[in-house]
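Below is a short briefing on the pockets and the aromatic contacts of one protein model. Please read it alongside the sequence and the coordinates shown here.

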Amino acid sequence: MNLIAEIGINHNGDIEICKNLIFCAKQSGFNYVKIQKRNPDKCVPEEQKNKMRETPWGTMTYLEYKKKIEFNDDQIKELLRYANEINITMFASVWDIDSADLMAKYTKIGKIPSALITDLELCAYSREKFDTLIISTGMSTEDEIETCVQICSPNVVMHSNSTYPCPPEDLNLRYITWLKDKYSDREIGYSGHETGIAVSLAAVSLGATSLERHITLDHNMWGTDHKSSLEVHAMDLLKKRIKDVNKMLGGTEKIITPSEEP
């Protein structure tokens, strides 16, 4: 089971918060930690750039806000060094070709976020840049997913719903089994944006072999993703409960167990 701690933008542009989250992910037994990397000049739609937004740093345009929370090359190198020091693998979701170029200098793993699996140029480009490529399938049709898989042949396909937080009736977890049958030559995972850990455990029981969850130091921190993230105690609990689920699942052969024999 590959456990990915998605920091995303929950660091709020603070490198010490990000390091703290990397440390917590390692201590909780996660294998990977991930941020998001963008070039805001290219990623922010023109009609959004000059809209005003209230932030902890004062009132600013949406473009200024996006630049405020983006790590630069030197900061990313510092974070990668720190992750390497504590023996956890760090990578990023790349939102544009500039970001794919930057991250590919330092890591062999890349991810295409749900919002961009229809950007076939980015998908194909990222396939060339990264040895391991992951895609998420939120807010996408079956045809869009098929086209993306054909274009970039991802190593991991993750079922996802892009609502933050996702209501239970929209989770559609059995789609994991559909993906496993359809792409039996690839790893199938689940990227969750719901609250709590129950859904993640259900995804594991349905066969997901990679699990990605957003993480935060505090649900009450400022930002869009904290409410649908796991706090540290829940990260630790998730790792332990996954071990329990895998014990419970057992195998497909019906046997008389040692506990039954007496």
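**Pockets and aromatic contacts**

The largest pocket has a volume of about 550 Å³, in a model that is predicted. The second largest pocket holds about 160 Å³ of space, and the structure also contains four aromatic pairs.

**Largest pocket**

- The lining of the largest pocket is made up of 28 residues, and those that lie nearest its centre are Gln36, Arg38, Trp95, Ala115 and Tyr164.
- Two or more lining residues are given by each of strand E2 (32-37), helix H4 (62-68) and strand E10 (210-214), and the largest share, three residues, comes from H4.
- Sorted by class, this lining comprises 11 nonpolar, nine polar and eight charged residues.

**Second largest pocket**

- The residues that line the second largest pocket are Lys26, Phe30, Asn31, Leu80, Ala83, Asn84, Asn87, Ile88, Thr89, Met90, Tyr106 and Thr107.
- Helix H5 (73-85) and strand E5 (89-94) each supply at least two residues of this lining, with H5 giving the most, three residues.
- By class, the lining of the second largest pocket divides into six nonpolar residues, five polar residues and one charged residue.

**Aromatic pair between strands E2 and E5**

- The ring centres of Tyr32 and Phe91 lie 6.1 Å apart with the ring planes at 85°, which is over the 60 degrees required, so the pair counts as edge-to-face.
- This pair links distant parts of the chain, because Tyr32 belongs to strand E2 and Phe91 to strand E5, 59 residues apart.
- Tyr32 counts as partly exposed at 22% relative accessibility, whereas Phe91, with a relative accessible area of 1%, is buried.

- Tyr65 counts as buried because its relative accessibility is 3%, under the 20% cut-off, and Arg53 lies over the face of the Tyr65 ring, at 4.5 Å from the ring centre.
- Ring pairs join Tyr62 and Tyr65 with Trp57 and Trp222 into a cluster.

Conventions:
Residues are numbered from 1 along each chain as its sequence is written. This is a predicted model: local features need pLDDT of at least 70, side-chain atom pairs count only at pLDDT 80 or more; totals for chains, interfaces and linings use all residues. Side-chain values use heavy atoms; hydrogens and water are left out. On a 1 Å grid over the protein atoms alone, a cavity is a set of points where a 1.4 Å probe fits but cannot get out, and a pocket is an open set with protein on both sides within 12 Å along at least five of seven lines; lining residues have an atom within 4 Å of a point. Grid points are joined across faces, edges and corners, and a volume is the space filled by probe spheres set on the points. Helices (H or I, at least four residues) and strands (E, at least two) are DSSP runs, numbered from the N terminus. Ala, Val, Leu, Ile, Met, Phe, Trp, Tyr, Cys and Pro count as nonpolar, Asp, Glu, Lys and Arg as charged, and the others, Gly among them, as polar. Rings of Phe, Tyr and Trp (its six-membered ring) pair if their centres lie within 6.5 Å; planes under 30 degrees apart count as stacked, over 60 as edge-to-face and the rest as tilted. Buried means under 20% relative accessible area, exposed over 50%, partly exposed in between (1.4 Å probe, protein chains only). A charge sits over a ring if NZ of Lys or CZ of Arg is within 6 Å of the ring centre and within 35 degrees of the ring normal.
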